[in-house]
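Please read the report below alongside the sequence and the model.

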Amino acid sequence: MGPLTNPRKVVVLGSTGSIGLSTLSLFEESGAPVEILALTAGRNVERLIEQALRWRPQVAVIEDETKLQQLKDGLAGTGVRAAAGASAINEAAAMGADWVMSAIVGAAGLAPTLAAARTGAVIALANKESLVCAGPALLAIAKAAGGSVIPVDSEHSAIFQVLQPDCAHRVSRLILTASGGPFRTWDKAAMAAATPEQAIAHPNWSMGAKISVDSATMMNKGLEMIEASYLFGTPEDRVNVVIHPQSVIHSLVEYADGSTLAQLGAPDMRPPIACAFAWPDRLPWPAKRLDLAAYGQLTFESPDLDRFPSIEIAREALRLAGAAPAVMNAANEVAVAAFLDRRIGFLDIAASVAGTLERMNSLGTLSATDNDDAVENAMMIDASARRIAAEVVAQKHRGR
Ligand code: NAD
Ligand code: MG
């Protein structure tokens with residue numbers, strides 16, 4: 001893309017969520033030259049109307065079709081078109097933006113992210129689940145269309161920034177930092193009784209409900225290991241995780257000579273979004289500066305794989321390859337929804353994911369199929385994994 005002075009055509013997928021809000025807040029605070037083509041949301045029509053009145057996109061799209069009339073009424077007389085449904089979101093993603101923020105939560109983000117990738121746009125990727133479901137296909141489609149995928153997830157943004165392109169073959173390890181989540185110091189009995197409210201109360205970051213639960217189980221780090229492996233072409237055994245409760249060091253790259261480069265910042269998603277927006281330039285904006293002396297000390301520890309088995313489950317999914325990462329992701333989405341619905345306990349989340357992977361492995365449905373269409377494949381795998389996961393979750397629910 002050209003210099004930052006040229007107005008940039010932008011689409012924000014998932015504009016009403018935590019990352020969507022951070023994106024619009026960054027535009028507001030930086031005065032970045034943007035022309036917003038589309039804003040999209042799942043169900044939060046009130047917030048979408050508010051955002052559309054402020055930003056005046058060409059179109060505002062709500063996934064929930066029952067809310068279309070409310071959206072139309074809220075935008076009447078503004079010239080902003082109102083649309084609804086999953087296919088309207090895909091159309092918004094493919095409107096021909098220069099830059100698309102992919103910030104829908106879950107595998108629901110896959111189709112619109114791919115639609116955007118096919119246009120050759122720069123994809124600022126927060127929606128890690130789409131990479132986990134169909135990483136190689138998504139990256140190949142973006143590349144073939146002349147676009148790129150720039151990670152927004154703070155760990156991957158960190159690695160992206162310290163990875164020297166001409167030295168990528170000399171990387172010996174990627175080290176992802178993890179806050180450890182709200183249950184870092186809890187014993188297993190307390191974790192077994194944890195409520196959704198306790199799981200969502202993240203110590204450092206304010207995020208959507210699903211990723212907050214993922215941080216509590218550490219499946220977030222599992223998803224991120226797969227995300228890192230795909231994005232940077234690094235095999236599973238070279239992706240490490242270290243707990244760093246202050247979330248100041250966002251991740252590290254260790255090179256063959258032992259030199260290790262880190263990227264630091266305050267726990268705020270706007271700097272990684274700014275990086276993805278301006279790359280390889282830098283967006284000037286009044287970001288909160290890092291005051292290391294105020295932290296006093298930064299601490300580190302190894303993850304406890306007994307209390308947080310999700311890290312090993314993700315490693316195993318990466319080793320199994322084929323459909324395993326997509327199955328793991330779908331099972332996790334089903335299990336997290338059941339936990340938030342109080343149908344299963346906190347420790348049942350990881351157990352349900354492991355149970356779904358085992359069941360599908362024994363059915364022989366984890367290996368890659370002959371279907372040439374990797375995307376259609378990922379969608380089919382997602383649907384069948386959700387069916388099996390629902391059964392596994394129902395068993396846990398009955399067993400409580
Ligand atoms: P969120 O729940 O706050 O927001 C999700 C957005 O997606 C909302 O706009 C919602 O309306 C929309 N949405 C939900 N379901 C939809 C559907 N079926 N179809 C269309 N739109 C739908 O989530 P978030 O915390 O902003 O996270 C978004 C993504 O970014 C996730 O993949 C998450 O893992 C990733 N991420 C978030 C953070 C963070 O700090 N919040 C950090 C790193 C990565
Ligand atoms: Mg992250």
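## Basis

This is a predicted model, in which local features need pLDDT of at least 70 and side-chain atom pairs count only at pLDDT 80 or more, while totals for chains, interfaces and linings use all residues. Residues are numbered from 1 along each chain as its sequence is written, chains are lettered from A and ligands numbered from 1 in the order in which they are written, and side-chain values use heavy atoms, with hydrogens and water left out.

Asp-153 and Glu-155 are both buried (under 20% relative accessible area; exposed is over 50%, partly exposed in between; 1.4 Å probe, protein chains only).

## Domains

An automatic or database domain assignment sets the bounds: domain 1 (8-151), domain 2 (154-267 + 291-305) and domain 3 (321-400). The centres of domain 1 and domain 3, taken over C-alpha atoms, are 27 Å apart. Twelve residues from domain 1 and ten residues from domain 3 make the contact (heavy atoms within 4.5 Å).

Between domain 1 and domain 3 about 740 Å² is buried, 77% of it from carbon and sulfur atoms; this is the accessible area (1.4 Å probe) that two parts lose on being put together, summed over both. On the domain 1 side, Ala-107, Val-132 and Cys-133 lose the most area, together 49% of what that side buries. Zero salt bridges are counted between domain 1 and domain 3.

## Salt bridges

The structure holds 24 salt bridges (a side-chain nitrogen of Lys or Arg within 4 Å of a carboxyl oxygen of Asp or Glu). One of them pairs Arg-315 with Glu-236, with the closest N and O atoms 3.0 Å apart. Arg-315 counts as buried at 13% relative accessibility, as does Glu-236 at 15%.

Arg-386 forms a salt bridge with Glu-333 (2.9 Å, N to O) and another with Asp-382, also 2.9 Å between the closest N and O atoms. Arg-386 is partly exposed, at 27%.

## Helix 15

Helices (H or I, at least four residues) are DSSP runs numbered from the N terminus. In helix 15, 15 of the 17 residues are buried.

Key:
Helix = DSSP H or I, 4+ residues; strand = E, 2+ residues; numbered from the N terminus.
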